[in-house]
Amino acid sequence: MPDVIDPGSRVSPLARQMRPLVYRLYDLVRRHSPRLDLTLTQGSVLNVLVHEGPQRMSSLATREGVRLPSMTNVVSRLERAGYVRRVPDPADRRAVIVSATEQARAVISRIQRAREEFLDERLARLSDADREAIDRALPALDRLVAADEYGRAGPPDTTGPPPPRLVAADEYGRAGPPDTTGPPPPPSSPPGQS
């Protein structure tokens, strides 16, 4: 069923074309990944712990946009599965620090390797020009994701070295909550009108 386009929409044609493509790529990679019995939130939390190190339970809850009791439930399930362990925070014994186990690191590594191999096989089928075009687009896509994940406003600083690619942060399809702190973008004029 084709998308219904609202004639009053301020969505750019680029965003309209990109949305289904990003979803299809995510879905394709996910379907060809090793299966785990994890929810998206559990997978996202596990990925954060493996790639960014131990975190306070409250930080994980904030990052995932859930309340602390919900995060406690998520972590409890991961703990029962052997993927995380929690210890009291030495700086504040009332707080809990959650860390990934070696089992979690091995699982995340296996998933990443499978996804990268799948993508590598698909990229090899493309022409050199297509692969080069994708490679040239990666820094801009990285900035698109980073701006939302870290709440940065305005154009990125392009005077220094490029930021590291954020593959790990997007491993489970999380792009973070939309930035709602600023005013909405101005409406664009229809083509041919100024």
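## Close-up views of a predicted protein chain

**View 1. The whole chain at a glance.** Among contacts in the protein chain between residues at least 6 apart in sequence, 56% join residues at least 24 apart; contact here means heavy atoms within 4.5 Å. This is a predicted model, in which local features need pLDDT of at least 70 and side-chain atom pairs count only at pLDDT 80 or more, while totals for chains, interfaces and linings use all residues. Residues are numbered from 1 along each chain as its sequence is written, and side-chain values use heavy atoms, with hydrogens and water left out. You will find six helices and three strands in the protein chain, following the pattern α-α-β-α-α-β-β-α-α along the sequence. Helices (H or I, at least four residues) and strands (E, at least two) are DSSP runs, numbered from the N terminus. Of the 194 residues, 24% count as buried, where buried means under 20% relative accessible area, exposed over 50%, and partly exposed in between (1.4 Å probe, protein chains only).

**View 2. How confident is the predictor, and where?** The score to look at is pLDDT, the predictor's confidence in each residue, from 0 to 100. Its mean over the protein chain is 79, with 72% of the residues at 70 or more. Among the elements, helix α4 (residues 68-80) has the highest mean pLDDT (96), and helix α6 (residues 128-149) the lowest (89). Take care over residues 152-191, where the pLDDT is below 50; this stretch has 48 contacts in the model beyond near neighbours in sequence.

**View 3. A sheet of three strands.** The strands form an open, antiparallel sheet in the order β1-β3-β2. Since β1 (55-56) and β2 (84-89) stand at the edges with a single partner strand each, one side of each is left without a neighbour in the sheet. Two strands pair if DSSP finds at least two bridges between them. Two bridges join β1 to β3, with Q55 opposite V98. Six bridges join β2 to strand β3 (residues 92-100), and these two strands form a hairpin with two residues between them. Helix α4 lies across β2 and β3, at about 125° to β2; axes are lines fitted to C-alpha atoms, for helices over the stretch in contact, and angles run from 0 to 180 degrees between N-to-C directions.

**View 4. Meet V87.** This residue lies in strand β2. At 42% relative accessibility, V87 counts as partly exposed. Its bridge partner in β3 is I97, and V87 touches A95, V96 and I97, not counting residues up to four places away in sequence. V87 and V98 are eleven residues apart in sequence, and their C-alpha atoms are 6.7 Å apart in space.

**View 5. Helix α3 and its buried face.** Within helix α3 (residues 57-64), M57, L60, A61 and E64 are buried. Seen down the axis, these buried residues fall within an arc of 100°, so they line one face of α3; the arc is that of the directions from the helix axis to the C-beta atoms. They pack against α2, β1, α4, β2 and β3. Just after α3, G65 takes a positive phi of about 75°.

**View 6. Helix α5 and what covers it.** Helix α5 (residues 102-124) has 23 residues and reaches 33 Å from its first C-alpha to its last, close to the 33 Å expected at 1.5 Å a residue; the expected span is 1.5 Å times one less than the number of residues. Its buried residues include A104, V107, I108 and F118. Among the elements covering the buried residues of α5 are α1 (13-31), α2 (40-52) and β3.
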